[in-house]
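Q: Please guide me through reading a sheet, a nonpolar core and a helix face in a protein model.

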Amino acid sequence: MSAGNGFFYAFAADKLVQPGGRTLVVGVYQNPPKIMVNADGMPTGIFGDLLQHIADQQNWQLKPVACDWAYCLELLASGDIDILPDVAYSPERAQGMSFHQTPALYSWSRLYSLPEHNITDLSKLAGLRVAVLLNSSQHNFLQHYGQHEQISFQLKGVSSLRAAFNLVAAGDADVAVANHLFGDNRAAEFQLQANPVRFDPVELFYATTKDRNQQVLADIDQYLQQWQADPQSYYFETVSRWSQPGFNLHPAAPMLLIWAVLSTVLLLLSGGGVLWYRRHVNQRLRNLQLSEDRLTTILNSVDAHIYIKDKRFRYQYVNHKIAELFGKPAEQIIGHTDSLFFDANSAEQLQVNDQRVLVDGERVVIEETNTTVSDNEERVFLSVKLPLRHSNGEIYALCGISTDVTEHKETQRAIHQLAFYDALTSLPNRRLLLERLEQAFNMAARLPCQGAILFIDLDHFKDLNDTLGHAVGDELLCQVASRLNEQLRKSDTLARFGGDEFVVLLSQLQPRADLAGQRVELLAMKLMEILSQPFQLAERNYTISASIGIAMFSDAGNVDELLQRADLAMYDAKNRGRNRYCFYDSKLQAKVLARSALQSGLRQALSLQQFSLYFQPQYHSDGQMLGAEVLLRWFDPELGPVSPVEFIPLAEDSGLILPIGAWVLQQSCQQLADWQRDPVKTHWHLAVNLSVRQLHDPDFVKLVRDTLQQTGARPENLVLELTETQLLEDIEAVIAKMQQLGELGVRFSLDDFGTGYSSLSYLKRLPLNQLKIDGSFVRDLLDDPSDEAIIRTILALGNSLELAVIAEGVETEAQYQALCKLGCQQFQGYLLGRPAPVEQLTVTPQRPGL
């Protein structure tokens, strides 16, 4: 036989054929005061002493194996140890372990941290590092809690509770999780504090490998049943001994004894204890009468309201929690009914509940909401009430255990409010809307009814935020929510979808589509009217409008599609001028698809070099070419030539105008640099149009300066064209940028002059070099005296401000002659030259004789 096999044989023989009785290999991990190893290497603590006492009675020999928690679990799973004390029961563990029937102990978990962390509920763990025993019930509980509540925190698995406390003390974790017995005892050693949160109540057992050592478990179960029925037993003596101050336990440690004596907290914190409580309640109550002094101390240590009432609903016993609740000593409570301590409604309902116990003999588990007379404060209690009987079965009293769950209920309500309602307006949020919309949509598919949603977006809300501030904007949103709510039925849902967007869900409308649509349209008109009335904001009246998109349930195949179509309809209302409502139209979808395809192509156009520049020449009245306006052209292989009218606004909206504009500027400056080497063209300028986004880009001045330097183009040959509408937003910043570029020599032209809204006072301050007469005035110059007057005024203004004036859109000889008579000297238009590639530019105009 090999040495290895000989060792195994010797071990097996020692384990199974130990003289004097059976040998049990016991896994022991350090978790005082429940289980630990004493100086002799034997298991001690509550579980250790109980097991040793049973072993002495059964003639078992205990062979301890010290291991950390995770390794103990591995040894148990492999069968290398026979029994593991202090294991919390769970259905998952029951698949690989066997447990006895009667719980050996009850425990719960607490959070321990340095004083700077005060965690009042589990949601406060968000973002924290949590040290927890690996593969423990607390580890599994917190994993499930974080996933269910969608709260993110970092679990740091450790091999022992001491290691968890060490991590927090060293600053490598924020919070440690431990059972309250260990934690309350050892927190001070690590300078940690216990937080008020209690969670994960568990029943604790001795466990074996699945379907092994069943007789051992049966023997343990028999001892526990006998002991727990007798308050004078070795069980209670052991629990009490380990709960003594000499062991340096936290003052809350006597609650161990409370758990074992009463099923009160068992009923509240562990559903599994209910069955155990039923089997033993009568025996316990008899023992309670025999050991009244001792049990009174125990009952007063329980964090629950415990009481006994006679058949006339008078208190016969109360613990100290009841005395605290009523604000009276126990002797002033005994003999009185609830009418002396609670308001009339509470007392009446309590009597109804108590009567079910005292008269009908029911065991009642109920949630009670009571208001105390002493402080007029409403509290919620989870109450367990059961009848007390004489030996002949006659009911003589009621025993009640009530736990104050007010804070828990408020936390639940707060969590629900945060999860499903908007914090600002208290309206349902997007999440709750989607749930209700799904339900309503499915109901409409089953029942003969219609439904609709109205997607409401406030017009120019950003302007309000920018001018009056976000606080005023928030106040407006609250007032809007209130006004909209007043116009809806109780069955309707108004939700804040996000920002300044609201959604109204209308369900169970008339089956006929035309009548349902009429009802929705009338509501949309009413909502627009109510929103158009002035709002009182910041001690002034403020008027705002809204754009509403409407989609009927019949317009879509699912909820996502319905929302998308209502959104499309809302944008259609905005595109039509705002302050209106629009129903979804299938043509909108086609427009969106076309726009999407256009945007997709636009994103690739730069990298694939699909853009090109065309130039429309500009001439002086003496026939000399002055330069040209740069025009961007795009040819897509699939879409063909795309009009700037289509793709420029899309580029603006998507932000692509910035890289496109930078490319146009670079190409234009490079062209100017090329012309500088030609004596004929060296004086030519190029007019480059600016977008709103470019003008307000903080890096725009640097972009122009760098491009000029890189290409070598002369700044005075670069003319940047901007429109009057671009001056409406942050004009001071625009002026500052123009001045910086003007110092370089760059010139500026104000395009479409006369069509915008800029003030002449601002015009005087702008560092302009040129005004451009809009083509709309030139077109009707010969037929409309007003257009002639406008052009005359612009020319006079340009002369007064020493600005050059150029007329665009000159298409006929008659228009050209009329402009000359009015004093215009610079021209651009089809009469003189159409936009063309640079190689097709001609020095002389197309118009003969000019």
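Predicted model: local features only at pLDDT ≥ 70, side-chain atom pairs only at ≥ 80, totals over all residues.

Q: How many bridges pair strand 14 with strand 15, and in what sense?
A: Strands of a sheet pair through backbone hydrogen bonds, either parallel or antiparallel. Strands are DSSP runs of E of at least two residues, and helices are runs of H or I of at least four, numbered from the N terminus; two strands pair if DSSP finds at least two bridges between them. Here strand 14 and strand 15 (residues 378-389) are antiparallel, over eight bridges.

Q: What is the strand order of the open sheet?
A: The five strands follow the order 13-12-16-15-14, with antiparallel pairing. Strand 13 (315-318) and strand 14 (364-371) each have a single partner strand, so one side of each is left without a neighbour in the sheet.

Q: Which strands does helix 15 lie across?
A: Contact means heavy atoms within 4.5 Å. Helix 15 (residues 344-358) lies across strands 12, 14, 15 and 16, running at about 165° to strand 14. Such angles run from 0 to 180 degrees between N-to-C directions, with axes fitted to C-alpha atoms, for helices over the stretch in contact.

Q: How many residues form the largest nonpolar core?
A: A nonpolar core is a set of buried Ala, Val, Leu, Ile, Met, Phe, Trp, Tyr and Cys residues joined through side-chain atoms within 4.5 Å. Buried means under 20% relative accessible area, exposed over 50%, and partly exposed in between (1.4 Å probe, protein chains only). The largest core has 70 residues, and Leu720 is among those with the most contacts inside it. Helix 24 (residues 657-676) gives the largest share, seven residues.

Q: Is serine 749 buried or exposed?
A: Serine 749 counts as buried because its relative accessibility is 0%. This residue belongs to strand 29 (residues 747-753), and Leu720 is one of the residues it touches.

Q: Where do the buried residues of helix 31 lie around its axis?
A: In helix 31 (residues 813-822), Gln815, Tyr816, Ala818, Leu819 and Leu822 are buried. They cover an arc of only 165°, which puts them on the same side of helix 31; the arc is that of the directions from the helix axis to the C-beta atoms.

Note on methods
Residues numbered from 1 in each chain as written. Heavy atoms only, no water. Lists of a residue's contacts leave out its neighbours within four places in sequence.
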